[in-house]
Amino acid sequence: RKGPGGLIPRATSPPQQTWLTVLRRELEFLGVTQILIGAICLCFGTIVFSVLDISDFDEEIFSSFKAGYPFWGAVLFAISGLLSIISEKKNGVYLVRGRLGANAVSSIAAGAGTVILILNLSNSWAYISQCEKIREDDSCFVVSFITEIVAMMLFLTILGFGSAMSLTIYGIGEEFKGDKVPDDRLYEELNIYSPIYSELEDKIEMSSPMGS
């Protein structure tokens with residue numbers, strides 16, 4: 001059908017789905033995921049330190065706990081998750097950049113935590129294999145229990161690493177996109193004001209012969 005003035009309107013194409021738009025929809029979900037991961041890791045660390053006396057066991061068995069990962073890892077995940085949720089609702093520049101920085105730090109912390117937990121697991125499995133061959137007592141049961149907790153924390157840490165990296169990539173993409181916006185707006189303003197400038201030039205040219 002023809003529109004006003006006999007012009008045929010163009011069919012509007014649906015907006016393109018990019019990875020930035022997909023991540024934008026999942027900002028709150030990823031933030032909640034990070035907070036839950038931090039809360040669970042914090043609970044694991046609190047349970048182990050409150051129930052067990054880790055000084056009675058080999059240092060390698062509780063290496064991740066002695067490094068404090070369940071605590072500082074949980075705090076970093078919680079901070080980045082909170083900033084992700086708040087910045088999704090209040091889109092301030094300081095919040096967006098704070099979210100980017102917090103998730104970048106959480107990504108590094110999750111990578112370090114993954115290495116710490118893998119080393120802890122390898123030492124625990126070696127201890128358990130010796131327990132099954134040499135003796136079976138309460139210490140073997142405790143080490144098996146700790147190994148299961150470390151394995152669950154490793155899974156959660158890998159999940160948190162994926163969430164933090166996704167939010168970091170989204171934040172970097174938004175920063176690059178924000179740098180390009182002023183140039184686009186400048187071109188739009190030039191296109192808007194160019195008819196006005198041309199009209200003023202025509203009036204000046206018409207008035208100059210009359211003045212002479």
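Trainee: How far apart are the end C-alpha atoms of residues 100–121, and how much of that span is helix?
Mentor: In this predicted model, those end C-alpha atoms sit 31 Å apart. The span is 100% helix and 0% strand.

Trainee: And what about residues 69–88?
Mentor: There the end C-alpha atoms are 28 Å apart, and again you get 100% helix and 0% strand.

Trainee: Which residues does UniProt mark as "transmembrane region"?
Mentor: The record, an unreviewed entry, puts that feature at residues 29–49, 69–88, 100–121 and 141–170. Bear in mind that such annotations may be inferred rather than shown by experiment.

Trainee: OK, switching to aromatics. How many aromatic pairs does the structure hold?
Mentor: Four aromatic pairs. One of them is F49 with F65, an edge-to-face pair with 6.4 Å from centre to centre and 70 degrees between the planes.

Trainee: Which helices do F49 and F65 lie in?
Mentor: F49 is in helix 2 and F65 is in helix 3, residues 63–66. They're 16 residues apart in sequence, so the pair ties those two parts together.

Trainee: Is F65 buried or exposed?
Mentor: F65 is buried, at a relative accessible area of 1%.

Trainee: What about Y69 and W72, how are their rings arranged?
Mentor: Their ring centres are 5.1 Å apart and the planes meet at 80 degrees. Edge-to-face takes over 60 degrees, so that's what this pair is.

Trainee: Where do Y69 and W72 sit relative to each other in helix 4?
Mentor: They're three residues apart in helix 4, which covers residues 69–89, so about one helical turn separates them.

Trainee: And what is the accessibility of each?
Mentor: Y69 is buried, with 1% relative accessible area. W72 comes out at 32%, so W72 is classed as partly exposed.

Trainee: Now the surface. Which residues form a nonpolar patch there?
Mentor: V32, L36 and I40 do, and their accessible area together is about 230 Å².

Trainee: Where is L36 placed, by the way?
Mentor: L36 belongs to helix 2, residues 27–51.

Trainee: Why does L36 count as exposed?
Mentor: Because its relative accessible area is 51%, and exposed means over 50%.

How values were computed. Residues numbered from 1 in each chain as written. Predicted model: local features only at pLDDT ≥ 70, side-chain atom pairs only at ≥ 80, totals over all residues. Heavy atoms only, no water. Patch = residues over 30% accessible without salt bridge, like charges linked within 9 Å, V, L, I, M, F, W, Y side chains within 5 Å. Areas by Shrake-Rupley, 256 points an atom, 1.4 Å probe, with all protein chains shown as cover. Salt bridge = Lys/Arg side-chain N within 4 Å of Asp/Glu carboxyl O. Helix = DSSP H or I, 4+ residues; strand = E, 2+ residues; numbered from the N terminus. Buried < 20%, exposed > 50% of the residue type's maximum accessible area, 1.4 Å probe, protein only. Phe/Tyr/Trp six-rings, centres within 6.5 Å; stacked < 30°, edge-to-face > 60°.
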